[in-house]
Amino acid sequence: LESGVGLAMAAFFPGTVARSKTDVKKYHRPLPRYGHLTNIIGDKMFLWCGGQNVIPIVHNGAEKESFMSAIETFNLRSGRWECRPTRGYSPAGIQYYATACLGTDLYYFGGHCGHASCYYNTVNHFETTIYKWNDIPIQNLFDAPMMKYSCGMVGFRHEDNRFLLVVGGYGEFGGKRQPGASYLGSISNPNSGRTNEQHILSLKEGMWINPTITGDIPPPCSAFTFTSI
């Protein structure tokens, strides 16, 4: 965090310590990356993985897993980064994943493995209070979204249940396509490309829902901003 930004943080958060460039060098700072997203819970911003030049371009391996098993946090009051180890199995889609926040829980969907055309449609849950990953067991995988990345996801509550809404993305079309959705294949490979699929996951039941959509449906899209208000 540069000193100028530190002063700005101090203005927003009383009690924030604005450090000089020399002081900043003593603390952890994230490596350059791409295809990553952040979430804010309380006074902490959470950053997980993303594409990085130091991560081996392999499907799996001990060195790659060392990056996948860590999560970085930025304290909005102190202006300090911290890298923490996690427990459990982190998502395999390390870049261009979708993420959403519900309370103190983070959810991650899909993403790109970082090598070849390796995409995912799995859902993972991260408990920020104990820094632990959990798989979300799905009861109806046949109704799941296609394996993809660069899609949008938001979380919402209804009565005593939590839901995730996943929209769009880029990936492999596969055999089953969602009724009413559009699929725009790429020029080089018509079996992969963008979609405007819309799926809802009931976290309580572990069931994917194909919602009834009305109105003007967005065209096939990927790499967009999707925010709940």
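The model is a predicted one, with local features needing pLDDT of at least 70 and side-chain atom pairs counting only at pLDDT 80 or more, while totals for chains, interfaces and linings use all residues. Residues are numbered from 1 along each chain as its sequence is written, and side-chain values use heavy atoms, leaving out hydrogens and water.

A search of the whole structure turns up 17 aromatic pairs (ring centres of Phe, Tyr or Trp, the last by its six-membered ring, within 6.5 Å; planes under 30 degrees apart are stacked, over 60 edge-to-face, the rest tilted). Y119 and Y149 make a tilted pair, with 5.1 Å between centres and 40° between the planes. This pair ties together distant parts of the chain, 30 residues apart: Y119 belongs to the loop between β6 (105-109) and β7 (123-127), and Y149 to strand β9 (residues 148-149). Strands here are DSSP runs (E, at least two residues; helices are H or I, at least four), numbered from the N terminus.

F173 and Y183 pair up edge-to-face, at 5.3 Å centre to centre and 75° between the planes. Again distant parts of the chain are linked, 10 residues apart: F173 lies in the loop between β11 (161-172) and β12 (183-185), Y183 in strand β12. F173 counts as buried because its relative accessibility is 4%, and Y183 counts as buried because its value is 16%. The ring of Y183 also has the charged end of R177 sitting over it, 5.0 Å from its centre (NZ of Lys or CZ of Arg within 6 Å of the ring centre and within 35 degrees of the ring normal). Elsewhere, F46, W48, Y97, Y108, F126, Y131 and W133 form one aromatic cluster. The charged end of R84 sits over the Y131 ring, 3.9 Å from the centre.

Next comes the sheet. Four antiparallel strands form an open sheet in the order β5-β6-β7-β8 (strands pair if DSSP finds at least two bridges between them). Its edge strands, β5 and β8 (132-135), each pair on one side only. Neighbouring strands are turned by 25° against each other on average, direction ignored (axes are lines fitted to C-alpha atoms, for helices over the stretch in contact, with angles from 0 to 180 degrees between N-to-C directions).

β6 has five bridges to β5 (residues 98-102) and five to β7. Y108 of β6 stands opposite T99 and opposite N124 in β7. L102 has D105 as its bridge partner in β6. In the β5-β6 hairpin, with two residues between the strands, G103 takes a positive phi near 65°. Five of the five residues of β6 are buried: D105, Y107 and F109 point one way, L106 and Y108 the other.

The largest nonpolar core holds 16 residues, and F109, M153, L164, L201 and W208 have the most contacts inside it (a set of buried Ala, Val, Leu, Ile, Met, Phe, Trp, Tyr and Cys residues joined through side-chain atoms within 4.5 Å). β5, β6 and β11 each give two or more residues to this core, with the largest share, three residues, coming from β5. Apart from this core lies another, of 14 residues, among them C49, I55, Y108 and W133.

How values were computed:
Buried < 20%, exposed > 50% of the residue type's maximum accessible area, 1.4 Å probe, protein only.
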